Amino acid sequence: MPVRSTGFVAKCWAALLSGGLLAMLSPSTAVALPEYSTAEAGNPFVDGWYADPDIAIYDGKYWVFPTASKPYAEQTHLDAFSSTDLIHWTKHSNVLTTADVTWAKYAVWAPAPVERDGKYYLYFAANDIQNNSQLGGIGVAVADRPEGPYKDAVGKPLISQFHNGAQPIDQDVFIDDDGQAYMYYGGWHHNNVVKFNPDMTSLGTFDDGSTYKEITPENYVEGSYMFKRNGKYYLMWSEGGWTGPDYSVSYAMSDSPTGPFQKIDKVLAQDPAVAKGSGHNSVVNVPGTDTWYIIYHRRPLSESDGNHRQLAYDRMYFNPDGTIRRIAMQVKDNFADGNALGWKTYGGTWSVGGGRYRVGRDVGAKSLLDTDFADFTYDADVTVNSGGGDAGLTFRVTKPSVGPDSYSGYYAGISPSGKVVLGRANGSWTELGAARTPIAPGSTHRIRVTAVGSSIKVFVDDMKTPKISVSDGTYTSGANGVRVFNAAASFDNVAVGAAR
């Protein structure tokens, strides 16, 4: 694995635990590591508009440093988030601000963290320079702790000019197994690599005496990122426009950290059912394992503001030949993080507690994810806690508002009276099917809805035989959510994906 945190690697990981998890042994903590298919406590995994996340592991913690996704003039600070389990995140505000960098005025973005010899370095771009006469470019700040405060290390930009046509932005720092540090950077469709001197604050030269080596792969736009696995170097980058739905991630492989790099595939792109504008990524390897995650930003489907970007991660898998499988953005939420980020409520009083999403008794409260699935399988655990009504799953929902049937779409629910119901709403209610099954008050039941075209099937507990199976093609796609009718309920282990 690449040495992105030498202090952490020196402490190493050990001790295989039961269930396939690993524990990290350090002087102060022992952290059980996860193996997730995605952010199973929900994407976005932190609150707020953020972009361009880079990740490092320091002393048993995962640290994510993103751009504060705001208009350039307001983009004057950087926050960080730390976690021991990739579920619960602590926000560290203003780890670096323009007040700490005399030459940086605005547009501070794409932080790249790395630790060396007990010092924590944060590389950043500032001022969005458009030509060589403007002040700005790539800088470096240093701190004694991961959370900072970071201070300008050299008092001027580390790279302040266009070289090989590359705008000095979107830097990533990689330390190879032999200790040599490199920085990959560049906008305007050009990608350079430079070598660091041991001080990490000045640039070295290549064997031919040059400082800036162009390695631009096919369709490169910006956002380069380097990692190493099994002796192979992987260069990743973003394509498309950062405000558009075509923003995406591609990659190349090489036997050398300086290339050549030939594009292999586009591995992450928008999913019109989940999110758009997915790009500018980083990657983390759970130490001591071959478990990898891609951390990136994306834009919710309902958002049109270019700066309305959120942080997400998904599992990244490799083929036997070392190539990367295309990454599917998954939709899950087990509420283990104690929040309901990504959900929008319509009526009712909603909260998260005990790893469940709860709503008090209401005549028709609903909460929706920003999805737009047509054909899908949708699973969730549902508990009707009180009331004489029912609770369950809404799907293919459009035009939601507050009110019992104030949406267009479908609903499948269960009632302690022992009834399973499927219906269609559009300001009024049309029952499409019903069945009987034992449901005790306060008991948890697994509900599955599979919809393919006009075929809709509802399963309760038994995932082989549907309780209800109907044909109705009134609504073809829309949001997924949860709902109560004259009841209080809780929900858990939500998952929406391809029909199966």
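The dialogue below goes through the annotated residues and their surroundings.

Q: How should I approach this model and its numbering?
A: This is a predicted model, in which local features need pLDDT of at least 70 and side-chain atom pairs count only at pLDDT 80 or more, while totals for chains, interfaces and linings use all residues. Residues are numbered from 1 along each chain as its sequence is written, and side-chain values use heavy atoms, with hydrogens and water left out.

Q: Where does UniProt place the feature "active site"?
A: UniProt positions are given in the numbering used here, with feature names shortened, and annotations may be inferred rather than shown by experiment. The unreviewed entry places this feature at Asp52 and Glu222. They span 171 residues in sequence, yet no two of their C-alpha atoms are more than 10.7 Å apart, so they gather at one spot.

Q: Is Asp52 buried or exposed?
A: Buried means under 20% relative accessible area, exposed over 50%, and partly exposed in between, using a 1.4 Å probe and protein chains only. Asp52 has 6% relative accessibility, so Asp52 counts as buried. Glu222, with a relative accessible area of 14%, is buried.

Q: Which residues is Asp52 in contact with, leaving aside its neighbours within four places in sequence?
A: Contact means heavy atoms within 4.5 Å. With those neighbours left aside, the contacts of Asp52 include Phe65, Trp109, His280 and Arg309. For Glu222, not counting residues up to four places away in sequence, the residues touched include Asp170, Trp237 and Tyr247.
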